Amino acid sequence: MARRFDLHAEPPPLPRRLTDPVPVVLAGSAVWAAAAVVLGVLAALGVRPLDVWFAAALIGVGLGAIGLGVLALQRRAIRRGVKGAQKL
């Protein structure tokens, strides 16, 4: 006999490793940091000047740090039981 599926059933939740944004933010910040190091070394060697690309790389690292801070504040709010806290 054919198996019947309930089209209105809740799907199972995704595993934590697929929904955690911290590894993605860390990886993005690491890429920006590597770009800043490479551009800094090239500037120290005189190959190219420090330009807008170096500034963009530093800003990328800074935005990653801000993002990690926001995620930490959200997790702290969830642990405290704040009603308006976003579920991560």
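Which residues in α2 meet which residues in α3? The views below take that up, along with a few single residues. This is a predicted model, where local features need pLDDT of at least 70, side-chain atom pairs count only at pLDDT 80 or more, and totals for chains, interfaces and linings use all residues. Residues are numbered from 1 along each chain as its sequence is written, and side-chain values use heavy atoms, with hydrogens and water left out.

**View 1. Helices α2 and α3 cross at roughly 155°.** Here α2 spans residues 22–44 and α3 spans residues 52–80; helices are DSSP runs of H or I with at least four residues, strands are runs of E with at least two, and both are numbered from the N terminus. Two packed helices are described by the angle between their axes and the distance between the axes. The axes of α2 and α3 come within 8 Å (axes are lines fitted to C-alpha atoms, for helices over the stretch in contact, and angles run from 0 to 180 degrees between N-to-C directions). α2 and α3 are therefore roughly antiparallel to each other, a label for angles over 145 degrees. Their crossing is left-handed, meaning the near helix is turned anticlockwise from the far one by less than a right angle.

**View 2. Here is where α2 and α3 meet.** On the α2 side you'll find Val22, Val25, Leu26, Ser29, Trp32, Ala33, Ala35, Ala36, Leu39 and Gly40. They meet Trp53, Phe54, Ala56, Ala57, Leu58, Gly60, Val61, Gly64, Ala65, Leu68, Leu71 and Arg75 in α3, with contact meaning heavy atoms within 4.5 Å. By class, that contact has 17 nonpolar, four polar and one charged residues (Ala, Val, Leu, Ile, Met, Phe, Trp, Tyr, Cys and Pro count as nonpolar, Asp, Glu, Lys and Arg as charged, and the others, Gly among them, as polar).

**View 3. Gly60 and Arg75 both sit in α3.** Gly60 is buried, with a relative accessible area of 11%, while Arg75 is partly exposed at 23% (buried means under 20%, exposed over 50%, partly exposed in between, using a 1.4 Å probe and protein chains only). C-alpha to C-alpha, Gly60 is 16 Å from Pro21, though they are 39 residues apart in sequence. Arg75 and Val61 are 14 residues apart along the chain, and their C-alpha atoms are separated by 21 Å.

**View 4. Val38 lies in α2.** Val38 is partly exposed, at 49% relative accessibility. Between Val38 and Phe54, 16 residues apart in sequence, the C-alpha distance is 9.1 Å.

**View 5. Gly81 is in the segment after α3.** Gly81 is exposed, with a relative accessible area of 54%. Its C-alpha atom is 53 Å from that of Leu45, 36 residues away along the chain.

Methods
Parallel < 35°, antiparallel > 145°, perpendicular 65-115°, else oblique.
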